[in-house]
Amino acid sequence: MAEAKEPNPEFTRKVVEAGGKTVNLCFQCGTCTGSCPSGRQTAFRVRKVVRRAQLGFEEDVLPSEDLWLCTTCFTCYERCPRGVEIVDIIMALRNMAVRKGYMAEAHRKVAKGICETGHLVTLRDEDKALRKKLGLQETPPTVFSHAEALEQMKKIAAVCGFDKLVASGGK
Amino acid sequence: MAKYAFFLGCIMPLRYPGIESSTREVMKSLGVELVDMQGASCCPAPGVMRSFDQTYWMTVAARNLAIAEKMGMDVLTICNGCFDTLFEVAHKLNHDPELRKKINKNLRDAAGMEYGGTVNVRHFVELLYRDVGLEAIRAKVKGGKNLKAAVHYGCHFLKPSNIKKIDDAERPHVFDDIVEAAGMTSLVYKDKGMCCGAGGGVRARTPDVALKMTKENLVNMTAAGAEVIVDCCPFCHLQYDVGEVQLKEFKIPVLHLSQLLGLAFGLEKDKLGLEVHQVKVNL
């Protein structure tokens with residue numbers, strides 16, 4: 001007979017502290033899974049993610065791909081009869097997962113972009129040309145136009161340790 | 001004339017600048033003045049940045065809010081993602097002095113800035129409905145075609161509704177009402193209100209999964225006879241516009257509400273920037 005896993009309340013407490021403060025309210029009705037647009041297309045079951053967080057099954061929940069199939073659409077959050085703030089729990093778990101090195105390269109690239117340029121999308125010559133044609137300022141009046149603003153952004157990343165997190169991939 | 005700090009974000013100014021020029025023109029004609037936020041950055045995007053580090057996410061958002069605060073204006077955005085980040089962070093920081101103190105320490109150390117907790121964040125659809133009003137919109141419509149429109153609300157315009165308090169998250173009407181005021185017919189379709197698939201970092205990490213959600217929406221819109229998809233978010237806009245080309249079987253043009261209003265108000269078509277759309281717009 002397979003051994004039953006022991007709950008780990010210490011991990012559950014960490015989830016609560018990281019922002020998943022309503023995790024213990026869940027009674028596993030499955031309204032979330034039934035409402036989930038991503039779960040319609042995949043084997044992702046948001047109810048199970050919440051259950052694993054609730055029981056403190058860190059090794060099941062943090063490495064799981066499921067954690068990253070949530071589009072944060074908030075449909076489950078809206079419909080939950082217990083008021084469980086499910087997206088906040090997912091976010092708390094993701095923050096913990098990336099610090100264990102579970103960071104997809106595609107996401108690391110996005111985060112690297114904001115560290116280096118202050119934006120997620122690049123400014124190409126063709127974008128400038130179209131902006132000019134539309135009567136807009138060629139370079140948007142954002143960090144792209146202000147060197148000191150980009151410096152501030154880089155310092156925020158340093159102060160928060162975000163640049164190091166992204167560079168190391170959490171490992 | 002009401003004045004707002006206009007938050008540009010990333011996808012609109014860089015990939016669909018026609019949404020920006022349309023927004024500027026449409027708002028001007030409705031008596032809303034938009035003032036640029038010099039040195040603003042990415043909101044930052046709730047999908048990846050909030051998933052990685054909520055303290056960094058809030059600190060960068062607080063910097064953007066502090067820029068608007070210094071201008072003495074509330075923020076206006078035309079993007080659900082930017083709205084989600086800026087509204088939610090403003091909500092947290094405006095109501096929680098302890099958290100504001102913590103985030104302000106980062107902001108001071110890094111940028112010599114501080115956020116005082118006084119800025120409200122507005123989504124342009126909600127502003128059009130509540131402040132400008134349907135009558136003022138109707139008065140600007142120059143005629144043109146009555147198109148069957150599949151309105152896509154996206155997720156973060158209305159939700160989480162406990163803090164956004166704009167409309168019923170299950171059966172909303174404000175966006176449909178504006179589209180109808182612009183002379184279009186807003187369609188009822190299956191699972192209207194479902195996510196486009198792009199959010200939460202899903203488009204970047206598992207684009208095939210995102211595209212399956214997009215396809216389900218497109219099938220439902222097609223079944224209802226949609227002649228145009230109308231969105232209020234450049235990320236949903238990108239997901240549909242690029243997604244249709246990837247899926248090959250759909251050809252429904254995708255317009256941001258600003259562009260639809262631009263058409264209805266009779267703006268010059270070359271101000272709408274439709275030539276960069278992947279799905280040809282011939283309306």
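Me: In which loop does Pro44(B) lie?
Reply: The model is a predicted one. In it, the peptide bond from Cys43(B) to Pro44(B) is cis, with omega near 5°. As for its place in the chain, Pro44(B) is in the loop between strand S2 (32-36) and H3 of chain B.

Me: Which residue does a cis peptide bond join to Lys159(B)?
Reply: The loop in question runs between strand S5 (148-152) and helix H9 (161-164) of chain B. The omega of the bond is about 0°. The partner of Lys159(B) in this cis bond is Pro160(B).

Me: Is Lys165(B) buried or exposed?
Reply: Lys165(B) lies in the loop between H9 and helix H10 (174-181) of chain B. Its phi is near 50°, a positive value in a residue other than glycine. Lys165(B) has 9 C-beta neighbours inside 10 Å, so it counts as exposed.

Me: Is Thr72(A) buried or exposed?
Reply: Thr72(A) also sits in a loop, between helix H4 (58-61) and helix H5 (75-79) of chain A. Thr72(A) is not a glycine, yet has a positive phi of about 55°. The cut-off for a buried residue is 20 or more other C-beta atoms within 10 Å. Thr72(A) has 26 of them, and is therefore buried.

Me: How does Met113(B) count, with 18 C-beta neighbours inside 10 Å?
Reply: Met113(B) is found in the loop between H6 and strand S4 (121-123) of chain B. Leaving aside residues up to four places away in sequence, Met113(B) touches Arg63(B), Ala66(B), Leu107(B) and Arg108(B). Because Met113(B) has 18, it counts as partly exposed.

Me: What distance separates the C-alpha atoms of Met113(B) and Cys43(B)?
Reply: Cys43(B) is the residue whose peptide bond to Pro44(B) is cis. Along the chain, Met113(B) and Cys43(B) are 70 residues apart.

Me: How are H2(B) and H14(B) oriented to each other?
Reply: The two elements are helix H2 (residues 17-29) and helix H14 (residues 257-264) of chain B, and their axes come within 8 Å and cross at roughly 55°. An angle of this value makes H2(B) and H14(B) oblique.

Me: What is the handedness of the crossing of H2(B) and H14(B), and which residues of H14(B) make the contact?
Reply: The crossing is left-handed. On the H2(B) side the contact is made by Gly18(B), Ile19(B), Ser22(B), Thr23(B), Glu25(B) and Val26(B). By class, the contact has three nonpolar, six polar and one charged residues. From H14(B) come Ser258(B), Gln259(B), Leu261(B) and Gly262(B).

Me: How are H12(B) and H13(B) oriented to each other?
Reply: H12(B) and helix H13 (residues 234-247) of chain B have axes 10 Å apart and pack at an angle of about 90°. Angles from 65 to 115 degrees count as roughly perpendicular. H12(B) is therefore roughly perpendicular to H13(B).

Me: How do the residues of the contact of H12(B) with H13(B) divide by class?
Reply: H12(B) brings Ala210(B), Leu211(B), Thr214(B), Lys215(B) and Leu218(B). They meet residues of H13(B) that include Gln239(B), Tyr240(B) and Glu244(B). The division is five nonpolar, four polar and two charged.

Me: Which helix gives the largest share of the side of chain B that touches chain A?
Reply: In this contact, 57 residues of chain B meet 50 residues of chain A. Helices that each supply at least two residues of the chain B side include H2, helix H6 (97-111) and helix H12 (207-223). By class, this side has 28 nonpolar, 18 polar and 11 charged residues. The largest share, six residues, comes from H4(B).

Technical notes
Residues numbered from 1 in each chain as written. Chains lettered and ligands numbered in written order. Predicted model: local features only at pLDDT ≥ 70, side-chain atom pairs only at ≥ 80, totals over all residues. Axes fitted to C-alpha atoms, helices over the stretch in contact; angles between N-to-C directions. Helix = DSSP H or I, 4+ residues; strand = E, 2+ residues; numbered from the N terminus. Parallel < 35°, antiparallel > 145°, perpendicular 65-115°, else oblique. Left-handed = near helix turned anticlockwise from the far one by under 90°. Contact = placed C-beta atoms within 7 Å. Nonpolar A, V, L, I, M, F, W, Y, C, P; charged D, E, K, R; others polar. Buried ≥ 20, exposed ≤ 12 C-beta atoms within 10 Å, placed from the backbone.
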